[in-house]
Amino acid sequence: MAKVYGAVTIDSKRCKGCELCVVACPADVLQLEPQEVNDRGYHYAYTAQPSSCIGCAACATVCPDACIEVYRFVDRGEK
C-alpha cells in the first residue's frame, strides 16, 4: 500500500501570522513562531512537526497571501 508524505514551505517574509493555516491543518504540523518576528513585525508560521505532514494542502488553500506551498510524495514501497 502506498503512503503519502507531504512537505510544506512557507515564505516567512510574507507571512502576516493570521494563523488560518495553523487552524486548518488536520495533522497539527504548523505553528506560529512564538518569539521571532519577520521584517514586517509579524510572528510567522513555521513547520513545527514536518514529519507529520500528509500533503493535504489545506494550509495553502486558506492562506490569504499565498505564502505556502505543499509538495506531495508517494512511497509505493518498491525497492
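Student: Why is D11 called partly exposed?

Tutor: D11 has 29% relative accessibility, and partly exposed covers what lies between buried (under 20%) and exposed (over 50%), with a 1.4 Å probe and protein chains only; D11 therefore counts as partly exposed. This is a predicted model, in which local features need pLDDT of at least 70 and side-chain atom pairs pLDDT 80 or more, while totals for chains, interfaces and linings use all residues. Residues are numbered from 1 along each chain as its sequence is written, and side-chain values use heavy atoms, without hydrogens or water.

Student: What makes the contact of R14 and D11 a salt bridge?

Tutor: The N to O distance between their side chains is 3.9 Å, and a salt bridge requires a side-chain nitrogen of Lys or Arg within 4 Å of a carboxyl oxygen of Asp or Glu. The pair therefore qualifies. R14 is partly exposed as well, at 37%.

Student: How many salt bridges does the whole structure contain?

Tutor: A search finds two. In the other listed pair, the side chains of D65 and K16 meet at 3.7 Å, N to O. D65 lies in the loop between α2 (58-62) and β4 (68-75), and K16 in the loop between β1 (3-10) and α1 (20-24), so the pair ties together parts 49 residues apart in sequence. Helices (H or I, at least four residues) and strands (E, at least two) are DSSP runs, numbered from the N terminus.

Student: How do you know that D65 and K16 are partly exposed?

Tutor: The relative accessibility of D65 is 24% and that of K16 is 34%, so both fall in the partly exposed range.
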